[in-house]
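Colleague: I'm new to this one. Could you walk me through how to read its features?

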Amino acid sequence: MTLLTHLFGRLANAAMLLLAVLVLNFCLIHAAPGDPVQVIAGEMGGASAEVIAALRAKYGLDHSVLQQLVTYLRNVLLGDFGYSYYFNQPVLGLIAQRLPATLYLAFASVVVAVVIGTLLGVVSARRPNGLLSHIVTVLSLAGYAAPIFWTGLLLLLLFGRVWPVLPVSGMADVVHPKAGLAYVLDVMTHLILPATTLALVFVAQYSRLARVNMIDVLSADYVRTARAKGLPERVVIFKHALRNALIPIVTVVGLQFGNLFAGAVLVETVYSWPGMGRLVFDSILRRDYPTLMAVLFFSAVIVIAANIVTDIVYRLIDPRIRGGAR
Amino acid sequence: MSTVEQTLIVAPTEPSDAGITANAAAPGTTSAPAQPVAKAASPARAALRQFLRSPSGVAGAIMLLLLILVAILGPILWPTDPLEIVGLPFAPPDPDALLGTDYLGRDVLAGLIHGGRATMTVGAVAAFITIIIGVSVGALSGFFGGWIDSLLVKISEFFQVLPPLLFAMVLVTLFGPKLTTITIAIGAVSWTPAARLTRAEFMRLRDLDFIKASRAAGAGNWHLIMRVVLPNALPPIIVSATLAIGVAILFEGGLSFLGLGDPNTMSWGLMIGQNRNYVLDAWWAVTFPGAAIFLAVLAVSLVGDGINDAVNPRLRRR
């Protein structure tokens with residue numbers, strides 16, 4: 001099976017999964033207590049009988065449940081995820097506005113977490129009983145146990161009150177708007193705290209994982225061979241050992257993307273980062289169901305996309321799988 | 001919330017020697033079905049001895065016991081009602097209110113002591129739900145294989161594409177922020193790691209000789225699953241159950257932080273969620289409940305690691 005047929009299979013599977021998510025969304029809305037139209041009407045601040053009837057017709061609520069499901073699926077396929085009465089615009093537009101900021105935050109965190117996590121893991125694996133190794137173990141435990149919103153609030157307290165050197169809120173300076181390169185730098189400074197907060201959890205995991213993998217790999221025969229050949233230690237570690245130790249990390253990064261996304265929602269709420277997190281927070285507060293359901297759907301899209309990308313990267317860096325697949 | 005899955009993902013890939021230890025006692029199963037339970041006492045005692053040798057595991061267990069004790073004895077230790085306004089809002093820690101008051105003027109220490117009850121109950125019950133669903137799905141899947149396995153794997157795959165916290169958030173928003181809804185939602189969204197783990201264990205054990213022997217002796221499927229395979233698959237399941245408590249506590253916090261806590265029941269998450277906007281005015285109202293969550297999750301994961309080391313000797317040297 002070539003990479004392309006494999007990819008095709010994955011995409012077909014992805015389509016099925018997304019369809020299932022839509023059906024679940026539909027069922028959840030119907031299972032939830034309360035009439036959806038009454039909820040929408042409530043959000044509009046009350047509506048007349050005609051408007052309610054019009055809404056019923058618009059959402060096909062005067063039809064059978066099965067027909068409603070078909071209408072819902074057709075609307076989504078046409079890009080209509082419903083209308084948010086709180087934000088007073090179509091849900092799809094809302095998501096499109098907010099998604100880039102979240103992806104930006106998520107990617108920055110992944111890069112920080114993978115680089116720092118792997119380095120910590122590698123360094124501590126070289127002396128499994130050394131001081132640094134113990135520090136990494138303690139840090140990874142702490143990073144695991146500390147609620148992400150709590151570390152976020154503590155950092156906010158530290159940099160907002162005690163040592164105000166970093167911006168703690170928003171994505172850019174709105175009082176003195178910047179342009180060009182200064183704007184990019186401004187956004188990057190605003191990104192430091194949210195990205196660090198989000199990365200901390202994952203640094204904890206990846207360093208632990210990298211450490212375990214490196215300890216395994218460093219005792220492998222090919223590493224002994226490389227050392228016996230007289231290669232410098234740096235080459236042995238970074239060229240022979242690390243490459244192999246990275247494979248499980250790539251897998252986990254892909255599998256964790258959903259959690260990363262959920263973590264981003266919490267972190268954004270702490271630092272008022274203008275991404276999906278704020279959107280989620282506001283739509284929970286306003287019981288804005290169409291927006292919430294669309295967020296759930298798009299988070300599934302992101303998770304599936306991340307899984308497919310991971311799968312491809314995995315196949316590219318691991319020659320054994322690549323060979324076997326052809 | 002997120003870290004935890006990682007541990008659960010890693011755990012199953014590491015070959016568990018625990019099953020093999022348990023299998024040593026297994027020949028008894030072929031002759032008398034009731035025996036494995038009796039025989040299992042000895043590996044369990046060995047694991048307990050092993051656990052007591054791990055300083056971090058014991059430390060975690062002591063922390064956890066203390067937290068549980070405080071939660072149980074709470075009303076006796078500090079009878080102040082956590083929902084009652086006792087003074088001015090944002091009063092800093094002083095002898096009257098040892099840990100200060102929150103944005104409404106409620107006692108933070110009372111919140112901590114009474115809130116632990118709700119948070120830890122949610123954690124334990126949600127973890128129980130997680131394990132019941134996960135183990136049932138994983139056991140059926142791994143034991144029967146074939147179309148049952150394909151179907152259940154598909155269902156698990158579906159649940160894995162929905163980020164658990166976001167899914168729980170949608171459920172709680174739709175069905176209302178009550179403690180029961182929150183608990184069920186957390187349990188219902190986080191069972192897939194337990195299912196994967198159980199499935200792998202069942203598939204590994206299914207074809208071992210003592211299981212075949214039991215089957216040949218006429219044991220039915222239900223008996224095989226519950227009395228023969230499950231006891232041998234238990235050690236990694238217990239570890240993942242312990243970790244699931246930590247995840248659930250973090251989830252309760254995350255949901256409350258997003259405004260989905262039960263406003264009528266004080267919990268650590270609710271304290272953070274309600275006071276987070278005032279963190280710069282009253283650091284104590286957020287810092288202490290956060291530290292409580294941190295300690296509880298830390299304790300649970302230390303215990304989990306300790307059990308894992310005790311039942312999984314190969315990994316101990318790491």
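Colleague: What do the buried residues of H13(B) pack against?

Modeller: Keep in mind that this is a predicted model. The buried residues of H13(B) pack against helix H7 (148-162) of chain A, and also against helix H6 (108-144), H12 and helix H14 (284-311) of chain B.

Colleague: And which residues of H13(B) are buried?

Modeller: They are Trp268(B), Gly269(B), Leu270(B), Met271(B), Ile272(B), Gly273(B), Gln274(B) and Asn275(B). That's eight of the eight residues of the helix, so H13(B) is largely enclosed by the rest of the structure.

Colleague: How should I think about a nonpolar core?

Modeller: The general idea is that in soluble globular proteins, nonpolar side chains tend to be buried together. Here, the largest nonpolar core has 165 residues, and those touching the most other members are Leu296(A), Leu166(B), Ala168(B), Met169(B) and Ala248(B). Helix H12 (residues 221-260) of chain B gives the largest share of this core, 19 residues.

Colleague: Which residues is Met169(B) in contact with, leaving aside neighbours within four places in sequence?

Modeller: Met169(B) is in contact with Ile284(A), as well as Leu255(B), Leu258(B) and Leu260(B).

Colleague: How many residues of each chain are in contact with the other?

Modeller: On the chain A side there are 48, in contact with 41 residues of chain B. Several helices of chain A supply at least two residues each to that side, including helix H1 (3-31), helix H8 (180-218) and helix H10 (233-255). The largest share, nine residues, comes from H11(A). Sorted by class, the side of chain A that touches chain B has 37 nonpolar, nine polar and two charged residues.

Colleague: What about two helices packed together?

Modeller: In general, two packed helices are described by the angle between their axes and the distance between the axes. Take helix H5 (residues 91-126) of chain A and H8(A): they pack at an angle of about 35°, and their axes are 5 Å apart. The crossing of H5(A) past H8(A) is right-handed. By class, their contact has 22 nonpolar, seven polar and one charged residues.

Colleague: Stepping back, how many helices and strands are there in chain A?

Modeller: Chain A has 14 helices and two strands. Its C-alpha trace spans about 85 × 60 × 40 Å along the principal axes. Of the 326 residues of chain A, 38% count as buried. As for contacts in chain A with a separation of 6 or more, 73% are between residues 24 or more positions apart.

Definitions and conventions:
Residues numbered from 1 in each chain as written. Chains lettered and ligands numbered in written order. Predicted model: local features only at pLDDT ≥ 70, side-chain atom pairs only at ≥ 80, totals over all residues. Core = buried A, V, L, I, M, F, W, Y, C linked by C-beta atoms within 7 Å. Buried ≥ 20, exposed ≤ 12 C-beta atoms within 10 Å, placed from the backbone. Helix = DSSP H or I, 4+ residues; strand = E, 2+ residues; numbered from the N terminus. Contact = placed C-beta atoms within 7 Å. Nonpolar A, V, L, I, M, F, W, Y, C, P; charged D, E, K, R; others polar. Axes fitted to C-alpha atoms, helices over the stretch in contact; angles between N-to-C directions. Left-handed = near helix turned anticlockwise from the far one by under 90°.
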